[in-house]
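Take a moment to look over the sequence and the fold. Then follow the paragraphs below, one feature at a time.

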Amino acid sequence: MAMATPTRESFDPARSSASFGVKLRLSGDVPGHFRRIEGELEPEPDGRWRVQVRVDARDLALDGPGWMLRNTRSKSFLDVDNHPEIGFTSRPFERALLASGGKLKGQLELRGRNRAVTFILAPSPCQKPGHGCDIRVLGVVSRRSFGMTSQRMWLRDEVSFDFRVRLLKADAG
């Protein structure tokens, strides 16, 4: 009996989330989240997998004062009017990485700039990551690397990300 060909698995936007933290120099972290995350886990011809993620930066919610939300959306930070989408495309990886955890390397597109980044996949607490439990991906990126150099007096360079992904049933192809 022939084995089934792996098929693409889309994110379940209702059960997936993308949050981030901006670090203030004096008063700690300001958490935020994007209201919607989309993406796919796609099989590669060589048997490995690749993940693609898209987040609408205009859909940003920040747990802080209104002036900070305006600054985060502004031309000097995310520049959401000119660069409404944040994207990540991983390098191919073995599917077992979703269970074991480890480094997930790829390209992050933010503010119209592409940079190589490494995120960390957390080890899975269940047998079927993405279906029986969240796939959790954590990472920290440099604001400066993506051209966000303003507000250095009150913002640290690091922006942390926390993605929690659930998958829909495999796409029919």
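Which residues does Phe 34 touch, not counting residues up to four places away in sequence? They are Ala 18, Phe 20, Val 55, Asp 56, Ala 57, Asp 59, Leu 60, Ile 86 and Phe 161. Contact here means heavy atoms within 4.5 Å.

Some ground rules come next. This is a predicted model, in which local features need pLDDT of at least 70, side-chain atom pairs count only at pLDDT 80 or more, and totals for chains, interfaces and linings use all residues. Residues are numbered from 1 along each chain as its sequence is written, and side-chain values use heavy atoms, with hydrogens and water left out.

Now the overall layout. The chain has two helices and eleven strands. Helices (H or I, at least four residues) and strands (E, at least two) are DSSP runs, numbered from the N terminus. Read from that end, the order is β-β-β-β-β-β-α-β-α-β-β-β-β. Take the contacts between residues at least 6 apart in sequence: 60% of them join residues at least 24 apart. Of the chain's 173 residues, 42% count as buried. Buried means under 20% relative accessible area, exposed means over 50%, and partly exposed lies in between (1.4 Å probe, protein chains only).

Go back to Phe 34. The largest nonpolar core has 41 residues, and Phe 34 and Phe 163 touch the most other members. Strand 11 gives the most to this core, with five residues. A nonpolar core is a set of buried Ala, Val, Leu, Ile, Met, Phe, Trp, Tyr and Cys residues joined through side-chain atoms within 4.5 Å. In soluble globular proteins, nonpolar side chains tend to be buried together.

A cavity is a set of points, on a 1 Å grid over the protein atoms alone, where a 1.4 Å probe fits but cannot get out; its lining residues have an atom within 4 Å of a point. Grid points are joined across faces, edges and corners, and a volume is the space filled by probe spheres set on the points. The largest cavity has a volume of about 170 Å³. It is lined by 15 residues, and Phe 11, Val 51, Val 53, Leu 104 and Val 137 lie nearest its centre. Strand 5 (49–56), strand 9, strand 10 (135–142) and strand 11 (155–165) each supply at least two lining residues. What kinds of residue make up this lining: nonpolar, polar or charged? The lining has 15 nonpolar residues, no polar and no charged. For this count, Ala, Val, Leu, Ile, Met, Phe, Trp, Tyr, Cys and Pro are nonpolar, Asp, Glu, Lys and Arg are charged, and the others, Gly among them, are polar.

Trp 49 lies in strand 5. It is buried, with a relative accessible area of 7%. Trp 49 and Arg 91 are 42 residues apart in sequence, but 8.3 Å apart in space, C-alpha to C-alpha. Beyond four places in sequence, Trp 49 touches residues including Pro 6, Leu 41, Arg 91 and Phe 93.

Leu 167 is in the segment after strand 11. Is Leu 167 buried or exposed? Leu 167 is buried, at 4% relative accessible area. Its C-alpha atom is separated by 8.4 Å from that of Leu 41, 126 residues away along the chain. Among the residues in contact with Leu 167 are Phe 11, Leu 41, Pro 129 and Ile 135.

Compare Ala 99, in helix 2 (residues 97–100). Ala 99 is partly exposed, with a relative accessible area of 37%. Leaving aside neighbours within four places in sequence, Ala 99 is in contact with Pro 123, Ser 124 and Pro 129.

The structure also holds one disulfide, a pair of cysteine sulfur atoms within 2.5 Å. Cys 126 and Cys 133 form the link, with their sulfur atoms 2.1 Å apart. The link is left-handed, at -75 degrees about the S-S bond. Cys 133 counts as buried, at 8% relative accessibility.

Finish with two backbone angles. Asp 79 is in the loop between helix 1 (66–73) and strand 7 (85–90). Its phi is near 55 degrees, a positive value in a residue other than glycine. Arg 111 sits in the loop between strand 8 (102–110) and strand 9 (113–121). The phi of Arg 111 is near 60 degrees, again a positive value in a residue other than glycine.

Conventions
1 Å grid on protein atoms, 1.4 Å probe; cavity = no way out; pocket = protein on both sides within 12 Å on 5 of 7 lines; lining within 4 Å.
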